[in-house]
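Try each one before reading its solution.

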Amino acid sequence: MKKELQEELYERYPEIFEIGRDIPNRDELYEPIHTGITCESGWYRLIDSLCFAIMQICRNKQVKPPRATQIKQKFAGLRFYYSGVDESAYEEINGAIWMAESMSHRMCEKCGSTQNIVITKGWNKTLCGECYEEYNKERKHDVETYTPEEFLLVDKNYGVPISTKQE
Ligand SMILES: [Zn+2]
């Protein structure tokens, strides 16, 4: 993700991204995200919405928000890992994450468009029609694709909120 966008998220959600993350000797459980957000910028709004939802859930329950430990793309989808969540907010937060991860398969990772979405085979990537054309040009051939629906049927874990998300 572009550095400026990442910094915007860090500033907007300091508790989730733990501003002041250079503090030495902090509790390892609260080790903040240290690899940066390793997906492309098209999912910026999605991650922003997810963080907003997490903050709202925690505000409503009057609990401390969890820390993001890793945000990345895996198998063409968004993955959001966290630690340190209050048990009372656990299910709602997992539901919000599941929704965001579901949406990521219908949103171009490069540009954020939701038009003509395909998922490339091989190095799975969720792309819109235009970014897919670019992708093919770079590779000098047409890469085979799944529709999001085909892809999600291939993924047997899909359709069940993952209850082991907390690291
Ligand atoms: Zn695109």
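Predicted model: local features only at pLDDT ≥ 70, side-chain atom pairs only at ≥ 80, totals over all residues.

**Exercise 1.** Work out how many helices and strands the protein has, and in what pattern they follow along the sequence.

*Solution.* Start with the count: the protein contains six helices and six strands. Next, read along the sequence, which gives α-α-β-α-β-β-α-β-β-α-β-α. Finally, turn to burial: of the 167 residues, 30% count as buried.

**Exercise 2.** Determine how helix α3 and helix α4 are oriented to each other, and which residues meet.

*Solution.* First, take the axes: those of α3 (residues 44-61) and α4 (residues 87-104) come within 10 Å and cross at roughly 165°. An angle over 145 degrees counts as roughly antiparallel, so α3 is roughly antiparallel to α4. The crossing of the two is right-handed. Now look at the contact: residues of α3 including Leu46, Leu50, Ile54 and Ile57 meet residues of α4, among them Ala89, Ile93, Ala96 and Met103. The residues of this contact divide into 12 nonpolar, three polar and two charged.

**Exercise 3.** Locate Tyr135 and decide whether this residue is buried, partly exposed or exposed.

*Solution.* Begin with the position: Tyr135 lies in helix α5 (residues 129-139). Then count: Tyr135 has 18 C-beta neighbours inside 10 Å. Buried needs 20 or more and exposed 12 or fewer, so Tyr135 is partly exposed. Lastly, leaving aside neighbours within four places in sequence, Tyr135 is in contact with Thr120, Leu127 and Val143.

Terms used
Residues numbered from 1 in each chain as written. Helix = DSSP H or I, 4+ residues; strand = E, 2+ residues; numbered from the N terminus. Contact = placed C-beta atoms within 7 Å. Axes fitted to C-alpha atoms, helices over the stretch in contact; angles between N-to-C directions. Parallel < 35°, antiparallel > 145°, perpendicular 65-115°, else oblique. Left-handed = near helix turned anticlockwise from the far one by under 90°. Nonpolar A, V, L, I, M, F, W, Y, C, P; charged D, E, K, R; others polar.
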